[in-house]
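Colleague: I have a new structure open and would like to learn how to read it feature by feature. Could you walk me through it?

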Amino acid sequence: MSQSVSLADYRAALTTPGSRRPLIASLLARLPIAMIGLSALLYVQRETGSFAAAGLVSAGSLVGVAVGSVVQGRLIDRFGPTRPLLVTITLFALAMVALTLAIEAHAATPLLVLLSGGIGITEPMVGSASRALWGRLVAAEQARNAAYSYEAISMEVFFILGPGLAGLLVAAPWPGTGMIAGALCMIIGGTLFALSPAVRAWGPAPATGRRPLLGALAGPGMRTLALAALGFGVVIGFVEVAVPAAATEAGQPALGGVLLSVWSVSSVAFGIAFSLRPWPRPMSLRLPVLLAAFALLVALLAMPSSLWGLALAMLAAGAMITPQSATHSAAIELVAPEGTAAEAFGWVLTAVTLGLAFGQSVSGYLVEHSGPSASFLAAGAAGLVIAALVWLLRSTVRKPAPAREEVLV
């Protein structure tokens with residue numbers, strides 16, 4: 001399957017009949033996807049004065065997302081998106097109220113971590129449903145590839161813009177503004193997406209009897225893809241704590257989120273160019289090569305001695321973000337077992353968020369005890385180790401054999 005696309009393919013995909021309403025709604029729902037966790041981190045840090053406690057709270061949310069994305073993805077594949085999304089949106093709103101009240105009451109850190117985990121579990125997985133919807137709306141292969149590339153590019157835009165918005169809104173009179181604003185966007189956008197005609201037309205899947213217990217992870221190539229996504233998340237997780245810490249150390253705490261948004265400039269521009277001519281061509285090589293390049297560029301963030309220098313170095317590192325995300329999305333078509341599109345995307349998101357949780361937790365400790373530079377170097381080292389593992393498993397990145405029916409799920 002060719003993975004390169006043209007601008008005409010993008011136009012054909014994005015103008016597909018029935019796509020406009022879910023397209024716009026999903027943009028609103030996914031805008032705060034990287035904003036809520038970081039807003040909670042900055043909010044808790046303002047209330048407690050501890051980056052370590054704040055990192056644990058943010059990591060709790062990410063672990064929750066890691067669990068919820070797979071469960072919701074499997075439910076979406078089985079029942080269609082509308083009912084699962086509406087239920088999780090309701091639970092998400094309740095969980096957000098509970099966490100906000102606990103932060104305001106200066107509750108103990110373990111309780112905050114538990115509640116933030118609830119936020120993550122109930123966060124509506126509009127991204128999984130949106131990506132899987134394109135396979136139903138778009139018939140032409142090249143246009144469908146363009147739609148998947150659009151999903152990856154737009155997701156990365158949100159992963160990059162979210163921290164910037166979080167950094168700006170934490171400076172509002174009430175530091176919880178960013179967390180609540182992000183939640184409202186997710187609730188409104190998710191509801192509009194779930195109720196759009198194209199999404200409501202996606203009914204329950206026909207009964208197929210038994211399915212593999214591991215679902216999408218039954219394919220060995222899918223497990224290798226999840227490992228690559230984990231490494232991607234680990235590296236970003238380190239940076240998302242180290243950059244605000246570097247800004248705070250420089251006496252400009254409000255610039256932390258803005259600096260994270262600098263990635264978007266090169267990430268989106270290079271991501272579009274990459275989709276037109278992806279490299280390396282074999283998917284089995286692309287996964288480890290892009291991760292290793294990203295890890296090396298992030299390690300270089302330890303070198304600048306000023307925020308301006310850090311911003312320039314982040315421009316270079318950001319060039320590797322969207323190409324990786326687009327590669328993860330495209331690889332799903334190659335390695336995921338049939339009928340597991342939403343769940344497969346959920347596993348990729350799970351892997352990324354588990355990596356983010358690990359990176360943020362360790363980075364919070366490192367920046368308090370050794371400074372931001374140590375965190376950047378640790379991010380590079382971790383990314384290179386995982387890239388090496390993906391390289392060793394590269395032969396598994398191929399179309400899976402038909403899965404044997406094992407356990408009813």
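Modeller: Gladly! Let's start with helix α6, which has 14 residues and reaches 20 Å from its first C-alpha to its last, close to the 20 Å expected at 1.5 Å a residue. Please keep in mind that this is a predicted model.

Colleague: Which residues of α6 are buried, and what covers them?

Modeller: The general idea first: an α-helix has 3.6 residues a turn, so residues three or four places apart point the same way. In α6, the buried residues are L112, S116, G117, I119, G120 and T122. Their cover includes α3 (35–48), α4 and α5 (82–104).

Colleague: And how much of α7 is buried?

Modeller: Helix α7 is mostly covered, with nine of its twelve residues buried. Those are V126, G127, S128, A129, S130, R131, A132, L133 and W134. The span of α7 from first C-alpha to last is 16 Å, close to the 16 Å expected at 1.5 Å a residue.

Colleague: What sits in the loop between α6 and α7?

Modeller: E123 is found in that loop, between α6 (109–122) and α7 (126–137). This residue is buried yet has no salt bridge, and R30, the nearest side chain of opposite charge, is 10 Å away. Leaving out residues up to four places away in sequence, E123 touches I33, V65, Q72, F92 and M186.

Colleague: Why does E343 count as buried?

Modeller: Its relative accessibility is 3%, and buried means under 20%. So E343 counts as buried.

Colleague: S58 is in helix α4 as well. Is S58 buried or exposed?

Modeller: S58 is buried, with a relative accessible area of 1%. S58 and L112 are 54 residues apart in sequence and 9.5 Å apart in space, C-alpha to C-alpha.

Colleague: Now the greasy side chains. How do I read the nonpolar core?

Modeller: In soluble globular proteins, nonpolar side chains tend to be buried together. In this model, the largest nonpolar core has 93 residues, and those with the most contacts inside it are M222, V239, F294, V298 and M314. Helix α11 (residues 220–249) supplies the largest share of this core, 18 residues. A second, separate core of 13 residues includes I76, L133, V199 and A342.

Colleague: What does M314 touch?

Modeller: Not counting residues up to four places away in sequence, M314 touches V239, V243, L259, L260, W263, S266 and L301.

Colleague: Last topic: how do I describe aromatic pairs, and how many are there?

Modeller: A pair of aromatic rings is described by the distance of the centres and the angle of the planes. The structure holds four aromatic pairs. For Y43 and W174, the ring centres are 5.7 Å apart and the planes are at 80 degrees, so this pair is edge-to-face. The two are 131 residues apart, with Y43 in helix α3 and W174 in the loop between α8 and α9 (177–194). Y43 is buried, with a relative accessible area of 0%, whereas W174 is partly exposed, at 32%.

Colleague: How are the rings of F232 and F294 arranged?

Modeller: Their centres are 5.9 Å apart and their planes at 40 degrees, so the F232 and F294 pair is tilted. F232 lies in helix α11 and F294 in helix α14 (residues 283–299), so the pair ties together parts that are 62 residues apart in sequence. Both F232 and F294 are buried.

Conventions:
Residues numbered from 1 in each chain as written. Predicted model: local features only at pLDDT ≥ 70, side-chain atom pairs only at ≥ 80, totals over all residues. Heavy atoms only, no water. Core = buried A, V, L, I, M, F, W, Y, C linked by side-chain atoms within 4.5 Å. Buried < 20%, exposed > 50% of the residue type's maximum accessible area, 1.4 Å probe, protein only. Helix = DSSP H or I, 4+ residues; strand = E, 2+ residues; numbered from the N terminus. Contact = heavy atoms within 4.5 Å. Lys, Arg positive; Asp, Glu negative; His and termini not counted. Salt bridge = Lys/Arg side-chain N within 4 Å of Asp/Glu carboxyl O. Expected span 1.5 Å × (residues − 1). Phe/Tyr/Trp six-rings, centres within 6.5 Å; stacked < 30°, edge-to-face > 60°.
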